Amino acid sequence: MSLTHYLVVSAMLFAIGAYGVLTRRNAIAVLMGVELMLNAANLNFLAFWRFLQPASMEPQVFVLIGLTVAAADTAVGMAIVLNVYRNFGVIEVERISTMKG
Amino acid sequence: MTNYIDTYQPLIPYMLLVVLALTVALLDTVPAIRRASILGWLTAAAALVVLALDATAPYSAPWQGILRFDGYSRAFNAVFLVTLAVVCIASVSEEKRLGFCGEYYALLCLSTLGLMLMGASGGLLALYIGLELSTLCLFALIGFAKRERRSAEAALKMLILSAVTSAVLLYGISILYGVLGSTQFDQMAAKLTTISGETRIALWLGLAFVIGGFAFKIAATPFHLWAPDVYEGAPATVTAFLSTASKAGGFAGLLRFLLLGLGGSSETWGVLIIALAALSMVVGNLVALVQTSLKRLLAYSGIAQAGYVLVAVAGASGEGRGMSVGATLFYLFLYAFTNVGGFLLAQVIIHATGSDSISALRGLHRRSPMLAFAALVTLFSLGGIPPLAGFVGKLYLFAAGWQGGQQILVLIGALTSVIALYYYLMVARQVYINDPSDDRRMPVSRPIGVALAVCTLGTLVIGVYPRPWITLGDMAAQGILQTPASSVRRRPDAPSTASHAAPASTAQPAGAQPALPRIGEVCGTPQHGNAEPASADRSLFRL
């Protein structure tokens, strides 16, 4: 297993996440795609740490922060999705459109 | 021991903001305080106290330079905290309608804290945390009108687009870490010169991702798509904060990243910023022409204004860095007053007429002359008409861009500014020339009246007497041009009278050498009147 393997997996994870974000209609599924993209970045950090700079602490801190941000994002996100459901009765992204643009 | 205190003393204003947020949320549970609706005023006053504390703290770079407290962070903090204060005052009259109180102000404070961290970041770590903190709080604020469908929709749009951008940004940061071996700005810049061959491609990829993340925050084309809908759906006071302070935070982080992290040479990032600037100016101004809603008009005008600021950012390489930073800060400062005023006006109109269409402004000067005057000042300042603040600011931006070798961008800026004048003047025509359909005065609650007066006065004063505010910009420039402060630098003078609320005048260290182009000498005298920016700045770079 070399650095390249990890980077390819991470790039695939990122691409799958992005594909999910672009094609899913359900707001929660979109957020799941975002989660995959965030984890791709975390995998990148850890791979660089392991293969390039095993003495450095920075990547680990970044991964912890990244996980925290993802959790906070989801928490606030779920509250917003719930509120949207109360107002619109659906959480399909393209049906929630009263404003143009 | 004194060294230790000096290193961590600049953190006090930041911590105080957290304490303020918690206190406000706690005080909200006391029924008497809630009824009296004084929390907004309290938060505003506390924000000014935080500002005063920040202006008197020493410079330092704690924790191996993860954070950097210097003139740059201090000058940007002035922008954020003044905006926070004005928005808090304006929000007081919204409390009853939206049914909020403490938590709203708490979220505003925490969002401001995130922006301040972005301005004070010494590496991508603090920058990312600050960005996320401010954005997460803004989601909740945008969706604050829980029973309004448009507010919920705006929050969802902001959530999805912002979460995606955040993921892209983090991925970009991870690539940059792999290429440059660090996320601290000074170490990144040191490693940058050794990059060659195939790694350059990875570098550019990471760079594009990170700059894309910032472009989203400042709403620059093609990352602007969220802005009109979110601005329209969010409560107007939140929009006012989002379109000024949040945008300023994006620029604060962007300039830190570009000038410190990438070593002040625009070779790697110049093309991206130039493209963003040109697209934002053209798209923002052209789409604004066909808008019928005041909030959407201001949203597209805000996109164009981000483009103008990016002209100066694009010119920020080599010797012209100082002037670009100064111009950016000065413009964001005046833009805070002008644009908050604009959105508060929209709020008043929505309250009075139930719609925010531009035709609702018909004959405003017969109905409420003071409101009409505020509208005129705001619109003319956004359009860049002398002697208002927007004119001086735009002149400074374009001069900085020109000096940085971005003549074509400045030309695009000047041309699109002329287009922009058309739609600003169309609104002004509704206000002053068309006859009203309704003669009643527009009701203005006292808090919004006070906030509007502050914004209008600010726009007027900065326009007529720009010198102290340009000094604020110079302070920011010096902060970023000086080499990283690994040790504490004490301010040479510590004036004991420096605790009054005016942000700029107290803040300049006396020993600092203003080695920067002093545009103040030219702009301080507005008699060269309606000279077009592109030709007027010929006289500037001889200074």
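**View 1. Polar contacts between chain B and chain A of the predicted model**. Seven residue pairs, both members at pLDDT 80 or more, are in polar contact across the interface of chain B and chain A; a polar contact is a pair of N or O atoms within 3.5 Å, where within protein one must be able to donate a hydrogen and the other to accept it, and residues adjacent in sequence count only if both atoms are side-chain atoms. No salt bridges are found across this interface by the rule (a side-chain nitrogen of Lys or Arg within 4 Å of a carboxyl oxygen of Asp or Glu).

**View 2. The area buried between chain B and chain A**. The two chains bury about 3,700 Å² between them, 72% of it on carbon and sulfur atoms; this is the accessible area (1.4 Å probe) lost on being put together, summed over both.

**View 3. The aromatic pair Tyr104(B) and Phe144(B)**. The structure holds 24 aromatic pairs over all chains (ring centres of Phe, Tyr or the six-membered ring of Trp within 6.5 Å; planes under 30 degrees apart are stacked, over 60 edge-to-face, the rest tilted). Tyr104(B) and Phe144(B) form an edge-to-face pair, 5.5 Å centre to centre with 85° between the planes. Both residues are buried (under 20% relative accessible area, with exposed over 50% and partly exposed in between; 1.4 Å probe, protein chains only).

**Notes.** Residues are numbered from 1 along each chain as its sequence is written, and chains are lettered from A and ligands numbered from 1 in the order in which they are written. In this predicted model, local features need pLDDT of at least 70, side-chain atom pairs count only at pLDDT 80 or more, and totals for chains, interfaces and linings use all residues, while side-chain values use heavy atoms, with hydrogens and water left out.
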